[in-house]
Amino acid sequence: MIPKDPFMLLSWINTQLRDSYPTLDELCQSFDLDRKALETALDGIGFQYDPQGNRFV
């Protein structure tokens, strides 16, 4: 289950990216997530995707 709370979501997404997915696109495809909506939700708490580090910072 994907967390709804933005801070829990941040932690979950970064863990998935670190442990299992080489890109955000692959993670979104695997879980059938809308990348734009995900980035908007995390931008709302001040985090943006860093493709070079493959994480939200």
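Okay, so a residue is buried if its relative accessible area is under 20%, exposed if over 50%, and partly exposed in between, with a 1.4 Å probe and protein chains only. By that cut-off, 28% of the 57 residues in the protein chain are buried.

Quick caveats. This is a predicted model, where local features need pLDDT of at least 70 and side-chain atom pairs count only at pLDDT 80 or more, while totals for chains, interfaces and linings use all residues. Numbering runs from 1 along each chain as its sequence is written, and side-chain values use heavy atoms, with hydrogens and water left out.

On to the fold. We've got three helices and two strands, meaning DSSP runs numbered from the N terminus, H or I of at least four residues for helices and E of at least two for strands. Along the sequence the pattern reads α-α-α-β-β. The radius of gyration is 10 Å, close to the 10 Å from the globule rule for 57 residues, so the chain is as compact as a globular protein of that length. That's over C-alpha atoms, and the rule is 2.2 Å times the number of residues to the power 0.38.

Now helix H2, residues 24-31. Which of its residues are buried? Leu24, Leu27 and Cys28. They span an arc of only 95° around the axis, which puts them on the same side of H2; the arc uses directions from the helix axis to the C-beta atoms. Their cover includes helix H1 (6-19), helix H3 (35-43), strand E1 (49-50) and strand E2 (55-56), with contact meaning heavy atoms within 4.5 Å. And just after H2, Asp32 has a positive phi of about 55°.
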